[in-house]
Amino acid sequence: FRSSQSAESPDRQLAIVREINGNSYLEFPVGNVIFKTSGWLSHPRFSPDGTKIAFIEHPFAYDDRGFVVLLHLESDCEPLSRVLTATSISSLGLGWRDDEIWFTSAHSESTRSLRAVNADGKERTVYSGPGSLTLLDVDRGGDVLIADNNSRVHTCVFKASEGIERDL
């Protein structure tokens with residue numbers, strides 16, 4: 001699940017997620033740590049006005065369960081963070097659409113749906129389909145790019161005496 005993550009602010013400064021010794025650090029600008037977790041972070045995205053950054057915090061390594069965090073950057077002191085959603089069994093993909101944070105997650109169902117949450121933590125389902133969705137991007141006009149992730153799991157057995165592999 002892990003990958004290098006970065007986001008560009010409206011004034012073209014870069015925020016990155018860096019992993020060091022089992023911890024994940026959100027840096028903005030690069031070299032200035034503004035958030036740290038012992039889990040991992042994904043999908044950092046700046047608000048359209050650049051005053052906030054949202055991301056998904058995943059509390060366990062190699063597990064995509066997670067929750068949406070909003071970090072206010074305009075504070076005179078340390079950036080103020082707020083958890084906006086409950087922990088989902090799977091959370092991947094996040095973007096801003098106007099004043100809402102859109103993300104894809106699965107609560108009790110096994111497939112991810114497109115959801116939205118505002119800064120007050122009010123959450124709603126935008127779209128739920130038969131597949132497991134991952135939000136890839138939201139453009140300035142509000143159009144979204146979503147992947148429908150299909151996976152197939154199967155088990156095979158190979159018996160040397162038969163010389164062939166069988167799908168169980």
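Colleague: Hi! How many salt bridges does the count come to?

Modeller: The count comes to six salt bridges, where a salt bridge is a side-chain nitrogen of Lys or Arg within 4 Å of a carboxyl oxygen of Asp or Glu. Bear in mind that this is a predicted model, so local features need pLDDT of at least 70 and side-chain atom pairs count only at pLDDT 80 or more, while totals for chains, interfaces and linings use all residues. Residues are numbered from 1 along each chain as its sequence is written, and side-chain values use heavy atoms, with hydrogens and water left out.

Colleague: Which residue does R18 form a salt bridge with?

Modeller: R18 forms one with E27, and their closest N and O atoms are 2.7 Å apart. E27 is buried, at a relative accessible area of 5%, and R18 is partly exposed at 33%. Here buried means under 20% relative accessible area, exposed over 50%, and partly exposed in between, using a 1.4 Å probe and protein chains only.

Colleague: And R65, what does it form a salt bridge with?

Modeller: With D63, the closest N and O atoms being 2.7 Å apart. R65 is partly exposed, with a relative accessible area of 34%, and D63 is buried at 17%.

Colleague: Where do R112 and D64 lie?

Modeller: R112 is in the loop between strand 10 and strand 11, and D64 is in the loop between strand 6 and strand 7, so the pair ties together parts that are 48 residues apart in sequence. Their side chains meet in a salt bridge of 3.7 Å, N to O. R112 is buried at 9% relative accessible area, and D64 also counts as buried, at 10%.

Colleague: Let's switch to the sheet. What order do the four strands have?

Modeller: The order is 9-10-11-12, in an open sheet with antiparallel pairing. Strands are DSSP runs of E, at least two residues, and helices are runs of H or I, at least four, numbered from the N terminus. Two strands pair if DSSP finds at least two bridges between them.

Colleague: Which strands stand at the edges?

Modeller: Strand 9 (90–97) and strand 12 (123–127); each has a single partner strand, so one side of each is left without a neighbour in the sheet. Strand 9 runs antiparallel to strand 10 (residues 100–106), and six bridges join them. In that pair, G95 stands opposite W102 in strand 10.

Colleague: I keep looking at R115 in strand 11. Buried or exposed?

Modeller: R115 counts as buried, at 6% relative accessibility. Its strand covers residues 113–117. The R115 side chain makes a polar contact with the side chain of S105 at 3.1 Å. A polar contact is a pair of N or O atoms within 3.5 Å; within protein, one must be able to donate a hydrogen and the other to accept it, and residues adjacent in sequence count only if both atoms are side-chain atoms.

Colleague: Last topic: how many residues has the largest nonpolar core?

Modeller: That core has 15 residues, and those with the most contacts inside it are L26, F35, F46, I53, F55, L71 and L73. A nonpolar core is a set of buried Ala, Val, Leu, Ile, Met, Phe, Trp, Tyr and Cys residues joined through side-chain atoms within 4.5 Å. Strand 7 gives the largest share, three residues.

Colleague: What does the second core include?

Modeller: The second, separate core has ten residues, among them A54, L84, I101 and V117.
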